[in-house]
Amino acid sequence: DAVLNYRIINPKQMIYKCVNLPHILSKLLQAQLRNVAGGLDVDQIIEETASLNIITGLMDQECSRWGVKINFVKISQVSV
């Protein structure tokens, strides 16, 4: 499980470029987590939170075109 904090910095751009922002962010975050965490084992995911901080940057790059700024992404729970 993960927590995503975002801010809409350009409402006009967000309204015209995406239909369901929470759904899009959820799906994008799931994909990014799979890409980054897929190469790590469970111990690395828990211990190396710095390696997962890259997700915030990746998400922010993607979401900037929708007028959205990603503040942070944090891993809240790891299930195996």
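Is Arg65 buried, exposed or partly exposed? At 45% relative accessibility, Arg65 counts as partly exposed, a class that lies between buried (under 20% relative accessible area) and exposed (over 50%), as judged with a 1.4 Å probe on protein chains only. The structure is a predicted model, in which local features need pLDDT of at least 70 and side-chain atom pairs count only at pLDDT 80 or more, while totals for chains, interfaces and linings use all residues. Residues are numbered from 1 along each chain as its sequence is written, and side-chain values use heavy atoms, with hydrogens and water left out.

**Charged pairs**

Side chains of opposite charge can pair when their charged atoms come close. A salt bridge is taken here as a side-chain nitrogen of Lys or Arg within 4 Å of a carboxyl oxygen of Asp or Glu, and by this rule the count comes to 2 salt bridges. The table sets out each pair with the accessibility of its residues.

| Salt bridge | N to O distance | Relative accessibility |
|---|---|---|
| Asp60 and Lys69 | 3.1 Å | Asp60 21%, Lys69 30% |
| Glu62 and Arg65 | 3.0 Å | Glu62 31%, Arg65 45% |

Asp60 is partly exposed, and Lys69, its partner in the salt bridge, is partly exposed as well.

**Cysteines**

Cys18 is buried, with a relative accessible area of 8%, and Cys63 is buried at 0%.

**Packing of two helices**

Two packed helices are described by the angle between their axes and the distance between the axes. Helices (H or I, at least four residues) are DSSP runs numbered from the N terminus, and their axes are lines fitted to C-alpha atoms over the stretch in contact, with angles running from 0 to 180 degrees between N-to-C directions. Helix H2 (residues 21-37) packs against helix H5 (residues 54-63) at an angle of about 140°, with the axes 10 Å apart. That makes H2 oblique to H5, since angles under 35 degrees count as roughly parallel, over 145 as roughly antiparallel, 65 to 115 as roughly perpendicular and the rest as oblique. With contact meaning heavy atoms within 4.5 Å, the residues of H2 that meet H5 include Leu25, Leu28 and Gln32, while those of H5 that meet H2 include Leu58, Glu62 and Cys63.

Methods: Helices (H or I, at least four residues) and strands (E, at least two) are DSSP runs, numbered from the N terminus.
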